[in-house]
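Please look over the sequence and the structure below before reading on. The briefing that follows takes up backbone geometry, sheets, helix packing and aromatic groups in turn.

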Amino acid sequence: MVDSSDFQKAVELISKSNSILITTHTRPDGDGCGCIAAICDTLTTLGKKVKPVLLSSVTEWYGFLFEQKPEIFSEKTSIDSDLIIIVVTNTYNQLPKFDEYLKQTDKPVLVIDHHVTTDGLGDVELIDTAAAATTLIIFELLKYADWPITEKIAEALFVGVATDTGWFRFPNTDSRAVRVCAELIDAGVKPTKIYHDLYQNFSFQRLKLMTAMLNTLELHLDGRFATQHLSQTDFKQAGAEYNDTENLIDECQRISSVEAAALFVELADGRIKASLRSRGAIDVRKIAQKFSGGGHTKASGAHLSGPLEHAKKLIFDQIAEQFKQLDSK
């Protein structure tokens, strides 16, 4: 839990600021989008000038959280804010290009995050690695400050918790998360509508991309490790975008024997994005960190050099080594 003294520092920092820029890691997920939407609505109600800026485009299924699309950061982006708020990350490598601005600015930075990996970017930091989602920390900040939680804010917070817990399927689903979601439902959230908007709203192109991915499924290590991949050709043939890969890695975890999984995505620049998942004792964060990536013990990612087979072998060797160590105990 975040100490009340840190909440007080955050409230004081926000209170004395008039113009606030808020951003999150590249390729924003439900937690990042939910945090930004909730904070923007809160600070606007408080009379602040708020500027949400994303480092890459938001996927269409999170669009309902925003009345207007946030600006995409570029060298032309005007930054005249007197406070920077960064949510759902505390590392430079997840803030491409924006990290250059952070390293030379003297403006105060407030970081709100639940990841273990940290570069200590904030002058004030609200960090709780036990929180299932960063939106839980936002919720507790709003409660501490006695700032109103409208139905729209509650919806944004709920999206963050629901997506980061895999709609309450992942091991990080605890009583704290469920209790907060109960309060958010009391505030007006309609879970069935949100579930439809998030998980029953695929485009035909995204479904075609998922089909291509499933056709590459392979099981290794007696069925305990699953791998899948997507090439640039797969994207072109499906007419899909990179954002369409979100959560697709979870599909292979329907197989009962699978304890760890990896999805390898070929990027336009030739690098391979490896998304890693675990539902057993495998710690995928340790593996991601070996390749300058990060995340959680059960869900992490890293960028690897190509070609595809090279990247797959790097991850396979790390997974096999962890299984070997676990089996020897």
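## Briefing

Lys97 is placed in the loop between strand 4 and helix 3 (98-104), where helices (H or I, at least four residues) and strands (E, at least two) are DSSP runs numbered from the N terminus. This is a predicted model, in which local features need pLDDT of at least 70 and side-chain atom pairs count only at pLDDT 80 or more, while totals for chains, interfaces and linings use all residues. Residues are numbered from 1 along each chain as its sequence is written, and side-chain values use heavy atoms, with hydrogens and water left out.

**Backbone geometry in loops**

- Lys97 has a positive phi of about 75° although it is not a glycine, and its relative accessibility of 56% makes it count as exposed (exposed means over 50% relative accessible area, buried under 20% and partly exposed in between, with a 1.4 Å probe and protein chains only).
- Asp222, in the loop between strand 7 (218-220) and strand 8 (225-230), is another residue other than glycine with a positive phi, near 60°; at 79% relative accessibility, Asp222 counts as exposed.
- The peptide bond from Gly306 to Pro307 is cis, with omega near 0°, and Pro307 belongs to the loop between strand 12 (299-304) and helix 11 (308-327).

**The parallel sheet and its helices**

- Six strands in the order 3-2-1-4-5-6 make up an open sheet with parallel pairing (two strands pair if DSSP finds at least two bridges between them).
- The edges are strand 3 (71-72) and strand 6 (124-127), each of which pairs on one side only.
- Strand 2 (residues 49-54) pairs with strand 3 over two bridges in the parallel sense, and Val53 stands opposite Glu71 in strand 3.
- Helix 1 (residues 4-15) packs on this sheet, touching strand 1 (19-24), strand 4 (83-87), strand 5 (109-113) and strand 6, and its direction makes about 130° with that of strand 6 (contact means heavy atoms within 4.5 Å; axes are lines fitted to C-alpha atoms, for helices over the stretch in contact, and angles run from 0 to 180 degrees between N-to-C directions).
- Helix 4 lies across strand 5 and strand 6, running at about 120° to strand 5.

**Packing of helix 4 with helix 5**

- The axes of helix 4 (residues 134-145) and helix 5 (residues 151-164) come within 8 Å and cross at roughly 145°.
- Helix 4 contributes Thr135, Leu136, Ile138, Phe139 and Leu142 to the contact, and helix 5 contributes Ile153, Ala156, Leu157, Gly160 and Val161.
- The residues of this contact divide into eight nonpolar, two polar and no charged, where Ala, Val, Leu, Ile, Met, Phe, Trp, Tyr, Cys and Pro count as nonpolar, Asp, Glu, Lys and Arg as charged, and the others, Gly among them, as polar.

**The mixed sheet and its helices**

- A six-stranded open sheet has the order 7-8-9-10-12-11 and mixed pairing; strand 7 and strand 11 stand at its edges with a single partner strand each, so one side of each is left without a neighbour in the sheet.
- Helix 8 (residues 204-214) packs on the sheet, touching strand 8 and strand 9 (260-266), and its direction makes about 130° with that of strand 8.
- Helix 11 also packs on the sheet, touching strand 7, strand 8, strand 9, strand 10 and strand 12, with a direction at about 165° to that of strand 8.
- Strand 10 (residues 272-278) and strand 12 run antiparallel and are joined by six bridges; Ile272 stands opposite Leu304, and Leu276 has Ser300 as its bridge partner.
- Strand 11 (residues 294-295) and strand 12 run antiparallel with two bridges, a hairpin joins them through three residues, and Gly294 stands opposite Gly301.

**Aromatic groups**

- The structure holds eleven aromatic pairs (rings of Phe, Tyr and Trp, its six-membered ring, pair if their centres lie within 6.5 Å; planes under 30 degrees apart count as stacked, over 60 as edge-to-face and the rest as tilted).
- The rings of Phe98 and Tyr101 have centres 5.5 Å apart and planes at 45°, so this pair is tilted; Phe98 and Tyr101 both lie in helix 3, three residues apart, about one turn of the helix, and both are buried.
- Phe158, Trp167, Phe168, Tyr195 and Tyr199 form one aromatic cluster.
- The charged end of Arg27 sits over the ring of Tyr242, 4.4 Å from its centre, and that of Arg206 sits over the ring of Phe202, 4.0 Å from its centre (a charge sits over a ring if NZ of Lys or CZ of Arg is within 6 Å of the ring centre and within 35 degrees of the ring normal).
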